[in-house]
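Welcome! Please take a moment to look over the sequence and the model shown here.

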Amino acid sequence: MVKHIIVRTSGQGLYEFTSKVEAVVRAAGCAEGLCTVLVQHTSASLLIQENADPSARRDLEAWLTRLVPENDPIYTHTDEGSDDMPSHLKAALTATTLSIPVVEGRLGLGTWQGIYLWEHRHRGSDRKCLVHATE
Amino acid sequence: MVKHIIVRTSGQGLYEFTSKVEAVVRAAGCAEGLCTVLVQHTSASLLIQENADPSARRDLEAWLTRLVPENDPIYTHTDEGSDDMPSHLKAALTATTLSIPVVEGRLGLGTWQGIYLWEHRHRGSDRKCLVHATE
Amino acid sequence: MVKHIIVRTSGQGLYEFTSKVEAVVRAAGCAEGLCTVLVQHTSASLLIQENADPSARRDLEAWLTRLVPENDPIYTHTDEGSDDMPSHLKAALTATTLSIPVVEGRLGLGTWQGIYLWEHRHRGSDRKCLVHATE
């Protein structure tokens with residue numbers, strides 16, 4: 001089963017959507033299997049990270065933005081704004097696809113793991129993902 | 001179905017091979033399913049990125065090469081040339097495997113997404129990938 | 001088939017566990033198929049890298065630790081120790097899931113590729129992974 005899902009963002013940062021992925025696994029009726037997520041954009045990415053303490057997510061955002069700042073003179077691809085090329089770079093350094101084994105009808109994530117969409121543009125938008133779940 | 005494919009490179013940079021992956025999906029006759037790509041090298045990697053404007057790809061290459069320069073005194077693994085250790089590092093920071101849901105017999109990529117092999121060595125070569133496609 | 005496996009670590013660095021993943025593929029009896037690995041932690045990650053020369057792995061560790069040092073004043077998430085936030089960042093920059101096609105009953109890795117768990121904490125521990133293998 002493949003489902004389209006939307007993750008709505010309102011600016012840069014990490015947005016958890018584990019429950020939306022879990023809903024596709026339940027709808028597919030997998031007891032044991034595999035679940036794959038793809039983000040259909042090149043200026044947002046995917047991350048499995050700690051879902052306990054929000055300070056870890058704030059630090060991830062701050063650190064990555066310092067590593068890949070706006071207005072770096074190395075950029076030539078600047079027509080779509082100062083956050084465009086940093087977005088592509090941040091997406092390249094993180095994940096566009098994730099594959100998660102399914103165990104006993106649920107995503108086989110660790111206790112503290114959640115699935116996040118990482119929005120790299122200042123302007124939020126409706127980010128499209130595909131979720132595939134199979135026995 | 002698993003197929004071996006070759007992506008020929010002629011130096012550092014991003015080489016699109018979406019159509020070769022798409023051909024495996026068609027040959028497998030998947031209507032809905034999953035397609036996985038693995039690059040069988042540790043000095044090249046995979047990237048899903050923007051296929052519209054070549055300037056974004058040039059900037060990706062320039063930025064990553066500045067982050068991971070040759071001849072860094074931290075390197076001890078230097079026998080195979082000055083681009084050897086940077087190649088391993090660039091591969092570690094990007095992807096070696098990608099998994100893409102198949103929808104209506106086609107790769108479920110976003111409008112502007114293409115699949116690229118990222119060559120990290122100066123000397124191009126025939127880079128081997130495995131493509132798995134299944135219902 | 002989904003199996004839980006443990007990779008025991010004794011401090012920061014790369015620990016090969018290709019043979020443990022290969023054992024799951026054999027147990028599943030796949031001739032051709034797909035094998036997926038997930039690490040169930042947010043302070044360790046996965047890497048497919050060169051298994052020939054240990055110097056490449058030492059350089060990977062040294063370079064990444066220089067890029068993501070401890071005690072960076074940008075960190076606010078510091079309760080669990082000075083290696084906590086660097087661990088999350090290193091995990092975000094590398095892989096949490098890997099998917100490897102299976103060919104002739106074996107992982108379709110390249111000649112020099114091995115599967116590694118990358119431990120990012122000083123204190124080693126028993127790291128849990130899930131391995132899914134299917135035709």
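## How the copies are related

Keep in mind that this is a predicted model. Two copies of a chain are related by a rotation about an axis and a shift along it. Here, chain A is superposed on chain B by a rotation of 120 degrees with 0.0 Å of shift along the axis, and the RMSD is 0.0 Å. That is the relation of a three-fold axis. Within chain A, Leu93(A) has the C-alpha nearest the axis, 3.3 Å from it.

## Where chain A meets chain C

On chain A, 27 residues are in contact with 22 residues of chain C. Three elements of chain A each supply at least two residues of this side: β4 (44–50), α2 (54–67) and β5 (97–103). The largest share, eight residues, comes from α2(A). By kind, the side of chain A that touches chain C has 14 nonpolar, seven polar and six charged residues.

The copies meet through different surfaces, because only 9% of the interface residues of chain A are also interface residues in chain B.

## A closer look at α2(A)

At 1.5 Å a residue, the 14 residues of α2(A) should span 20 Å, and this agrees with its end C-alpha atoms, which are 20 Å apart.

Which residues of α2(A) are buried? They are Ala56(A), Arg57(A), Asp59(A), Leu60(A), Trp63(A) and Leu64(A). These residues cover an arc of only 160 degrees around the axis, so they sit on the same side of α2(A). Their packing partners are β2 (13–16), β4 and α3 (84–93) of chain A, together with α3 (84–93) of chain C.

Key: Residues are numbered from 1 along each chain as its sequence is written. Chains are lettered from A and ligands numbered from 1 in the order in which they are written. This is a predicted model: local features need pLDDT of at least 70, side-chain atom pairs count only at pLDDT 80 or more; totals for chains, interfaces and linings use all residues. Two residues are in contact if their C-beta atoms, placed from the backbone, lie within 7 Å. Helices (H or I, at least four residues) and strands (E, at least two) are DSSP runs, numbered from the N terminus. Ala, Val, Leu, Ile, Met, Phe, Trp, Tyr, Cys and Pro count as nonpolar, Asp, Glu, Lys and Arg as charged, and the others, Gly among them, as polar. Copies are superposed by least squares on the C-alpha atoms of residues with pLDDT of at least 70 in both. The expected span of a helix is 1.5 Å times one less than its number of residues. A residue is buried if 20 or more other C-beta atoms lie within 10 Å of its own, exposed if 12 or fewer, and partly exposed in between; C-beta atoms are placed from the backbone. The arc is that of the directions from the helix axis to the C-beta atoms.
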